[in-house]
There are 2 protein chains.
Amino acid sequence: MTQSPSIRRGRPRSFDRDKALREAMLLFWENGYEGTSMAQLVEAMGIVSPSIYAAFGSKEDLFREAVRLYVATEVEPAWQALDEITDVQQAVRTMLLGSIEAFVATRPQRGCLVVLGSGLLGGADDTIRDFLREQRQHFRDRLVKCLQRAIDAGTFRPDNDPWVLADCVLAFFAGLTIEAVDGAEKAALRESAELFCLRMFDER
Amino acid sequence: MTQSPSIRRGRPRSFDRDKALREAMLLFWENGYEGTSMAQLVEAMGIVSPSIYAAFGSKEDLFREAVRLYVATEVEPAWQALDEITDVQQAVRTMLLGSIEAFVATRPQRGCLVVLGSGLLGGADDTIRDFLREQRQHFRDRLVKCLQRAIDAGTFRPDNDPWVLADCVLAFFAGLTIEAVDGAEKAALRESAELFCLRMFDER
DNA sequence: CTATTTTTATAATGCTCAGCACATAAATAG
DNA sequence: CTATTTATGTGCTGAGCATTATAAAAATAG
């Protein structure tokens, strides 16, 4: 799939692309897309801007790659609970508590890059906002699938509406990330998540 | 409190300050603080920029006034339910459904200016972000007071923790506004809110 | 070696932004 | 009337922004 290295000529790249991408991801995660300037990226990645453009295309393209890395390394570990745990309450509980760990891992606390990474208000034709909206839709689809699977398997009451319930969980998840960046204590976030799951998935 | 109009001299103001502020509020509500330029404000308010600075001080001061107007005219009507309705479930339900009406009243749909009005990520020393954080804290305090009052009055089970429950409601509220700007149907938002209240405030 | 290719570093581009200086206009006070 | 006060309209300023033009540097191919 990658071009053979034997026919490559010219000056070799002097930096580690993956490492630079990771630095960019952390910076975007801290400051958001609009809040991150190329000057900051240059400093954090340790590369001058023409090299960034040569390696990643544009600031938008770099952000998209950073979000993909973020999802793979920061979101996926927690969200895998939705595929692995059959009990819905425990699955969502594990997903939420795992996400909270990521939110409070740094100081200042960061929310979810997919939820908060770009300005949420604004009329139209903003490609970055649309891109993050798409990613959020994937989150929703994944929650619906998890709930539907449990209903089909008979481990979850079939009078639950997976779409409405997934909306509730996703709204709560998004709200949690805002509480996180507003400085909420980890313990408070955990208590909220526990209570939410207890009440929301109580099978009476 | 206001200076007497008899000693006022000089050319009178040619525009209606309250009307101009309302136009600014609507524009900030649509595009957020960072997403709104002075050029847009000039066009929407129908005043040239020196007049805006003379009447409102700065873009930041104007935004603060706009947020206060927003809270008074758009938030307060729905949130008064928390003071007026004694049954907690009905109070929160009414507050959420009323807020949803505001979120979907325009196209494209707008979330809550207090929640989404300024970039949520970013390290420190951002006066506007801190200002909105303060406003959110007022929301939280108000929710806690409502729940505590119900517990004291004996209409709400005292084994509920008002702070944790208020966190849950506020998180859900914040998440709802994101779903709104992501284009969720009004009916879907209402169903989520109904289910959330039903489960969250179910007294068994 | 020379020619070619690719990545670096410097520095500039064109643009938008918030805010303001200045002169003019329109009102009142005496 | 004249002097004074306040608001308006034009156009500027300096900073910051993403992006790129240019040329030097560092590698390989023959």
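**The surface near DNA strand D**

Tutor: Happy to! The residues near DNA strand D (a heavy atom within 4 Å of it) divide into eight nonpolar, eight polar and eight charged. This is a predicted model, where local features need pLDDT of at least 70 and side-chain atom pairs pLDDT 80 or more, while totals for chains, interfaces and linings use all residues. Residues are numbered from 1 along each chain, chains are lettered from A and ligands numbered from 1 as written, and side-chain values use heavy atoms, without hydrogens or water.

Sugar and phosphate make up 75% of the DNA strand D atoms that come within 4 Å of the protein. A:R9 places a polar side-chain atom 2.8 Å from a sugar or linking oxygen of DNA strand D. Phosphate oxygens of DNA strand D lie 2.9 Å from a side-chain N or O atom of A:K59 and 3.4 Å from a polar backbone atom of A:T36.

Now the helix: α3(A) gives the largest share of this surface, three residues. Within α3(A), A:I52, A:A55 and A:F56 are buried (under 20% relative accessible area, 1.4 Å probe, protein chains only). Seen down the axis of α3(A), its buried residues fall within an arc of 75 degrees, so they line one face of the helix. On the other side of α3(A), A:P50 and A:A54 are exposed (over 50%). After α3(A) comes A:G57, with a positive phi near 100 degrees.

Technical notes
Polar contact = N/O pair within 3.5 Å; in protein donor to acceptor, adjacent residues only side chain to side chain. Helix = DSSP H or I, 4+ residues; strand = E, 2+ residues; numbered from the N terminus. Nonpolar A, V, L, I, M, F, W, Y, C, P; charged D, E, K, R; others polar. Arc of directions from axis to C-beta.
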